[in-house]
Every structure is written in C-alpha cells, then in structure tokens.
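Good morning, everyone, and thank you for making the time. I would like to walk you slowly through one structure today, so please have a look at it before I go on.

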Amino acid sequence: MSENLFIPTEANKAEKYEAILPQIEALISGEPDLYANLANISAVLKQGFDFFWVGFYLVKEEQLVLGPFQGPIACTRIAFGKGVCGTAWKEGKTQLVPDVDAFPGHIACSSASRSEIVVPVLKKGEVKMVLDVDSDQLNDFDEVDQAYLEQLCQKLSDTL
Ligand code: SME
C-alpha cells in the first residue's frame with residue numbers, strides 16, 4: 001500500500017474527487033478491518049479537501065455512535081431521526097444542508113460549522129453508518145459532493 005496520497009492542486013472539485021476516490025478504493029481494498037478503513041477514509045478526505053470535520057457515525061444499539069473522524073471533538077451519540085445525521089439514518093437518504101442554522105434540529109457539535117452533508121451507508125437496504133462532512137463556510141457542498149460521496153459510500157458498503 002502506498003503511503004503517499006496524490007492530490008492535484010490545479011484541479012476543480014470534481015477532478016479532485018476523480019483523483020482521490022480510486023486512491024481510497026486502493027487503500028481500503030484488501031484491508032478487512034472496518035475501523036482502519038473508516039480512519040483512512042476520514043484522513044484522505046480531510047487532507048484532500050481540508051474539510052472542517054469529516055467522519056463516521058455507526059448504528060449501534062438504536063443510536064448513532066461516533067466512529068473514526070478528523071477534526072475537532074464531536075458529540076458521541078445521536079438518536080434516530082435527530083439532527084442531520086439522525087435524519088439521514090431515518091430517511092436512508094443524503095442530507096445536503098447549505099445552512100445548518102436553517103435545518104430544524106441540527107445538532108451543533110461545533111459553533112464553527114456552517115454547512116454540512118451527510119451520506120448514509122446502506123447494506124441490503126439498512127443504514128449501517130453515516131458519513132458526515134462539515135464545513136465552516138455556508139453553502140460549501142453541492143450535487144458534485146453528493147454524487148462522489150455517495151459513490152464512495154457505495155464502495156464502502158461493498159466491503160461490509
Ligand atoms: N451536525 C450533526 C452532528 C454531528 S457533528 O456535525 C460532527 C447533526 O446535526 O447530526
């Protein structure tokens with residue numbers, strides 16, 4: 001496994017995802033340990049895009065429990081249907097939130113977070129975890145992030 005990540009500097013967001021996603025696939029293929037893979041995915045996304053916070057919450061005993069992440073400390077448990085993460089779990093669908101203050105019930109782990117995208121990871125129709133990405137800028141995520149992060153979560157699901 002290569003320890004060096006190639007991140008194109010003169011590239012738009014889609015081109016960055018195109019360069020980074022195959023490297024994530026290479027990193028996680030062949031490694032059976034889920035937590036090791038979630039940790040490396042968080043690290044690659046943080047390094048590649050300098051997101052404010054990126055990490056995973058895993059479904060455990062009827063709650064979402066904090067998993068591997070990169071960024072400031074975060075809330076450890078989220079109930080079904082609560083906040084952006086709990087809503088992604090309940091609906092089984094990506095939540096694209098341009099302004100967290102406008103999302104009813106948003107859970108502010110950090111007051112610096114302004115926009116957010118949460119993508120569920122499903123296996124056989126059941127949400128197993130969510131990928132949560134936060135930005136300290138308003139309106140920082142769009143359909144490009146959604147398409148590529150959903151693709152990534154599908155690859156992750158394939159390893160479960
Ligand atoms: N904002 C999330 C909580 C998790 S933190 O952003 C890391 C939510 O509303 O579910």
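This is a predicted model: local features need pLDDT of at least 70, side-chain atom pairs count only at pLDDT 80 or more; totals for chains, interfaces and linings use all residues.

Residues are numbered from 1 along each chain as its sequence is written, and side-chain values use heavy atoms, leaving out hydrogens and water.

β1 and β2 are antiparallel to one another and pair over six bridges; two strands are said to pair if DSSP finds at least two bridges between them. They form a hairpin with two residues between them, and E61 in that turn has a positive phi of about 45°.

On its other pairing, β2 (residues 63-70) meets β3 in the antiparallel sense over three bridges, with L64 standing opposite I78 and Q63 standing opposite A79. This is again a hairpin, now with six residues between the strands, and G71 in the turn has a positive phi of about 135°.

How many strands does the open sheet have, and in what order do they come? There are six, in the order β3-β2-β1-β6-β5-β4, with antiparallel pairing. The edge strands, β3 (77-79) and β4 (95-97), each pair on one side only.

Now to the helices. Helix α1 (residues 13-28) packs with α4 at an angle of about 10°, their axes being 11 Å apart; axes are lines fitted to C-alpha atoms, for helices over the stretch in contact, and angles run from 0 to 180 degrees between N-to-C directions. The two helices are therefore roughly parallel, a term that covers angles under 35 degrees.

Finally, the ligand: an oxygen atom of it is 2.9 Å from a polar backbone atom of V84, and an oxygen atom of the ligand is 2.8 Å from a polar backbone atom of C85. The protein covers 99% of the 310 Å² of accessible area that the ligand has on its own, with areas taken from the Shrake-Rupley method with a 1.4 Å probe.

Terms used. Helices (H or I, at least four residues) and strands (E, at least two) are DSSP runs, numbered from the N terminus. A polar contact is a pair of N or O atoms within 3.5 Å; within protein, one must be able to donate a hydrogen and the other to accept it, and residues adjacent in sequence count only if both atoms are side-chain atoms. Angles under 35 degrees count as roughly parallel, over 145 as roughly antiparallel, 65 to 115 as roughly perpendicular and the rest as oblique.
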